[in-house]
Amino acid sequence: MTIDVEDWYHVCCGDAVPVVPAGKRRVRQNIERILAILAEFGVKATFFMLGSVAEEEPLLVPMIVAAGHEVSSHGYSHTLVPLLGPKKFRDEIRRTAEIIGTQAGCKPAGFRAPQWSLGPETPWALDILHEEGCLYDSSYNPLPFIGDRRGPRTPFSIATSAGSIFELPPMVTPSPICNLPSGGGWGFRFFPLSMISRTVKKLNDAGMPAVLYLHPREMEAFGPRLRLSPLKSFAAYGTRSDAEGRLRHLLQNFRFRTMRQLVATWESA
């Protein structure tokens, strides 16, 4: 179980991240709600934290760590990796690691790119992640349009110039047309829960993890939204429903652990 810690206005299909007054931020209350649900089921998760959010809400990281969860990096500005380029990407990785390191007491072990924007077209990014001390990445999405639709659907190792790094793709459900985004985002609330559960079970039965992801804004069916075109709005926010019921069902019926714990089992194998 993973959570991308960003607010309702952090969407890659918008023109730019707007300046939002502190009173209109929603991330903290939604993270508190997620933490309460995870505690109810005794589940530990990985929170991919935006560095800018950690700066604006300095109590969030300590709150997450105090509950026994892992905090990893989601970058700083929520900018797509190719738009950053190597220098700015490294700067963001270091800046976010320093913020998280100060607030959590240890630097992040992993990374997830905004809108899955790290992949075969940005091999330099994995070199930088490895050089900056990351053990794993979770950005290679095996979907059309925003990823590599022919990419692996289960964890794999990628060689970099400085060594190898583990890649943990988000869960998708294969179909005759294409892989479906059932592991999180709009697809998590749109596709039948029975299909999502079957996909998790099939992966687990094969000895593989199902990497699920959640955004804090998905805990609010009628939370604030940016004004976007209908297609962009659906891609960013999905249906007007919240994810709590489905989250509870999965937490009750499957076992979960953090990404760092999962990678540790492979390192010791």
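Guide: Around the second largest pocket stand 17 lining residues, with N204, M208, P209, R255 and R257 lying nearest its centre. The model is predicted: local features need pLDDT of at least 70, side-chain atom pairs count only at pLDDT 80 or more, and totals for chains, interfaces and linings use all residues. Residues are numbered from 1 along each chain as its sequence is written, and side-chain values use heavy atoms, with hydrogens and water left out.

Visitor: How is a pocket to be read, and how much space lies in the second largest pocket?

Guide: Rolling a probe the size of a water molecule over the atoms shows where empty space is left. On a 1 Å grid over the protein atoms alone, a pocket is an open set of points with protein on both sides within 12 Å along at least five of seven lines; a cavity is a set where a 1.4 Å probe fits but cannot get out, and lining residues have an atom within 4 Å of a point. Points are joined across faces, edges and corners, and a volume is the space filled by probe spheres set on them. The second largest pocket holds about 490 Å³.

Visitor: Which helix gives the most to the lining of the second largest pocket?

Guide: Helices (DSSP runs of H or I, at least four residues) and strands (E, at least two) are numbered from the N terminus. Helices α7 (193–205) and α10 (259–267) each supply at least two lining residues, and α10 gives the most, with three. The lining has 11 nonpolar, four polar and two charged residues, where Ala, Val, Leu, Ile, Met, Phe, Trp, Tyr, Cys and Pro count as nonpolar, Asp, Glu, Lys and Arg as charged, and the others, Gly among them, as polar.

Visitor: Which residues lie nearest the centre of the largest pocket?

Guide: Q115, W116, I146, W186 and A235 do, among 34 lining residues. The largest pocket contains about 710 Å³ of space. Its lining divides into 19 nonpolar, eight polar and seven charged residues, and α8 contributes the largest share, five residues.

Visitor: What volume does the largest cavity have?

Guide: Its volume is about 40 Å³, and the count of cavities of 30 Å³ or more comes to one. Helix α4 provides the largest share of the lining, four residues. Among the lining residues are H74, Y76, V81, F89 and F111.

Visitor: At what angle do α4 and α5 pack?

Guide: Axes are lines fitted to C-alpha atoms, for helices over the stretch in contact, and angles run from 0 to 180 degrees between N-to-C directions. Helix α4 (residues 81–104) and helix α5 (residues 123–131) pack at about 10°, with axes 10 Å apart. They are therefore roughly parallel; that term covers angles under 35 degrees, whereas over 145 is roughly antiparallel, 65 to 115 roughly perpendicular and the rest oblique. The contact (heavy atoms within 4.5 Å) includes V81, F89 and I93 of α4, and W124, I128 and L129 of α5. Its residues comprise eight nonpolar, one polar and two charged.
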